[in-house]
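Trainee: Could you show me how to read buried residues and salt bridges in a model? Here is the one I have open.

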Amino acid sequence: MALSSVEARKPFNFAHVLTSLRLILTPVFLCAIEVSTRHPTVRSTGLVVGLFLLICASDYYDGPLARTLGLSSDLGKVLDNLADITFLLVTLTYLVHHDAAPWWIPTAIALAFGQYTLDSWLLSGKGTSVALVSNPIGHWAGILNYIFTGVLALHAALQQYLLPAPLFHGLLTFWLAYLLLAMGMRLRFFLRARLTDEDACRT
């Protein structure tokens, strides 16, 4: 019997370990930012960048690894999303506390994630298991969330000298606008899917 087949039946497999790495590295990442804000050096800043890249690698490779090894599962998808939202909200909340990010950015991300979870649950028929349903614009919103969170973290690590004020506020404005657009498109996608389901039931 192939190893991948054995692993796929396990409730927690190697792909999940890679996903969980984000949860383990998140507090380490925040500690690195804290150290750098107090004593910014090439080494402390490099540690912030290195940890962020490891977190991004965990997010990028867990899915392909699971598919390659035949370890894809609903649990893995849920864990992946929980690791993402935990990293983003914990990091951004920390940055808000240190005046390196406005409160409405993590709030908008939390609302977008709540919408994603709720309409996925509704589209899956309100069962005990939730089939997470994604759409392209939401995928790119997730990528932007990671990129901009990393930029703000580095900005904080460099005592907020990385981004000039116009660029800082421009980034935040674009970020919020895209999140709102993604939520609007998500609502449109949800309503169209529900109408399609209703039409199918009538026929």
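Trainee: Let me start with D59: what is its relative accessible area?

Mentor: The general idea first: buried means under 20% relative accessible area, exposed means over 50%, and partly exposed is in between, using a 1.4 Å probe and protein chains only. D59 has 23%, so it is partly exposed. Keep in mind that this is a predicted model, where local features need pLDDT of at least 70 and side-chain atom pairs count only at pLDDT 80 or more, while totals for chains, interfaces and linings use all residues. Residues are numbered from 1 along each chain as its sequence is written, and side-chain values use heavy atoms, with hydrogens and water left out.

Trainee: Which side chain does D59 meet in a salt bridge?

Mentor: A salt bridge here is a side-chain nitrogen of Lys or Arg within 4 Å of a carboxyl oxygen of Asp or Glu. D59 pairs with R22, at 3.6 Å from N to O. Helices are DSSP runs of H or I with at least four residues, numbered from the N terminus. D59 sits in helix α3 (residues 42-68) and R22 in helix α2 (residues 14-38), so the pair links distant parts of the chain, 37 residues apart.

Trainee: And is R22 buried or exposed?

Mentor: Buried, with a relative accessibility of 0%. R22 also forms a salt bridge with D84, and there the closest N and O atoms are 3.1 Å apart. D84 belongs to helix α4, so this bridge ties helix α2 to parts 62 residues away in sequence. D84 is buried too, at 14%.

Trainee: Which residues are linked in that network of salt bridges?

Mentor: R22, D59, D62, D80 and D84. By the rule above, the count comes to six salt bridges.

How values were computed. Helices (H or I, at least four residues) and strands (E, at least two) are DSSP runs, numbered from the N terminus.
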